[in-house]
Amino acid sequence: MPETRNFKHLLVTGGCGFIGSNFVRSVLEWRPGVRITNLDALTYSGNLENLADIEGHERYTFIKGDITDGGLVQTLLADCDAVVNFAAESHVDRSIQDASPFITSNVLGTQVLLQACRNTWGDDGKAGRFLQVGTDEVYGSLPIDKPEELFTESTPLDPSSPYSASKAAADMLAMAFHRTFGMDVLVTRCSNNYGPYQFPEKVIPLFVTNLMQGEQVPLYGDGKNVRDWLHVVDHCEAILSVLEGGRPGEVYNIGGNNERSNLDLTHAILDIMGKGKEMIRPVADRLGHDRRYAIDASKMKAELGWQPTRSAWPKGLADTIGWYQDNTEWWQRVRSGAYRDYYEKMYGAASS
Ligand code: TYD
């Protein structure tokens, strides 16, 4: 096992988003000595309500701001010994509509953060550690008829969408700062996350909240695309173990060991919610739609002793559906406003 590092004060970027907010909440609970500063621009998907329960926590500070603001980042970093970069535009369909925010936040934002770390932590950046939270989508697509094929950390990058291309660029920039300057940088690449507080443009909360409103669920193409579903708290645990025990300059794949076709996923949601198949509305396929993502997470197990314990179905899915059923006010507010315009543009149907 590699040496374990203890950090005192994390700068978490994008901590008001889905994965970031689960990470902030979990780390405050799991690591009683750790302080967290959360820098979040509160764009459409970042929501202060996601962390309403820890507002006022003595080890937590929220700062509204953008990761492309180098001066602000540097000021915050002065007291921090690690960065965990969650801040990103993350929805493939939005990147197909307009790629520019993806380049600004995901590529430029990552470069600004990395440079601010060097400016603060010394030329080699070694006074701190930088963890870039990435995605398995950078590897492109696997075939559905070869289940033995999985993404490993050495699978060549071959992104399909503007989103995944921007994340591949960010990963490479992070690694370049390690190779060029010796900075202590690590990259994680996860499979599809699910769980509480996910923005309902993503398939699971979109389908669950549609069904709760009596609306059909828009299933893309033939529904045979496969995703490896990882519970967000499993993911947060894995990120923390990489942060504390990972080796500089290394990539770690994080998966749920839980591959499902979209059709199977949809049927499982319908079953749990007691709805019939007539609630499925087949719609045109997504452009450039990756067929299958599946992660080989054996490096995480071998090096860090981590493996998913919450991702398996049906429990993980049923608990998640239960969370959306218990938190209708949260998603009703999130689904109103600007999101409603996006939804109508995508699916042409009214959404409340
Ligand atoms: P999504 O949640 O957007 O995640 P990603 O594109 O990062 O995998 O989509 C998951 C899968 O669900 C993907 O294969 C596309 C499909 N999908 C639908 O069939 N209908 C939808 O309305 C959405 C949003 C996604």
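This is a predicted model: local features need pLDDT of at least 70, side-chain atom pairs count only at pLDDT 80 or more; totals for chains, interfaces and linings use all residues.
Let's start with the packing. The largest nonpolar core has 67 residues, and those with the most contacts inside it are Leu10, Phe23, Ile36 and Ile269. Helix H7 (residues 232–245) gives this core its largest share, eight residues. Another core, of 29 residues, lies apart from it, with Trp121, Leu142, Phe177 and Val185 among its members.

Ile269 is worth a look in your viewer. If its neighbours within four places in sequence are left aside, Ile269 is in contact with Phe207, Val208, Leu211, Leu317 and Ile321.

Now for the strands. Is strand E2 (residues 35–40) largely enclosed or open? Five of its six residues are buried, which means under 20% relative accessible area, so E2 is largely enclosed by the rest of the structure.

Strand E2 pairs with strand E1 (residues 9–13) and also with strand E3 (residues 60–64). Here are the two pairings in brief:

| Strand pair | Sense | Bridges |
|---|---|---|
| E1 (residues 9–13) and E2 | parallel | five bridges |
| E2 and E3 (residues 60–64) | parallel | five bridges |

For landmarks along these pairings, Leu11 has Thr37 in E2 as its bridge partner, while Asn38 stands opposite Phe62 in E3.

How does the chain get from E1 to E2? The path runs through helix H1 (residues 18–30), making a β-α-β crossover that is right-handed.

Methods. Residues are numbered from 1 along each chain as its sequence is written. Side-chain values use heavy atoms; hydrogens and water are left out. A nonpolar core is a set of buried Ala, Val, Leu, Ile, Met, Phe, Trp, Tyr and Cys residues joined through side-chain atoms within 4.5 Å. Buried means under 20% relative accessible area, exposed over 50%, partly exposed in between (1.4 Å probe, protein chains only). Helices (H or I, at least four residues) and strands (E, at least two) are DSSP runs, numbered from the N terminus. Contact means heavy atoms within 4.5 Å. Two strands pair if DSSP finds at least two bridges between them. A crossover is right-handed if, with the strands pointing away from the viewer, the path from the first strand over the helix to the second runs clockwise.
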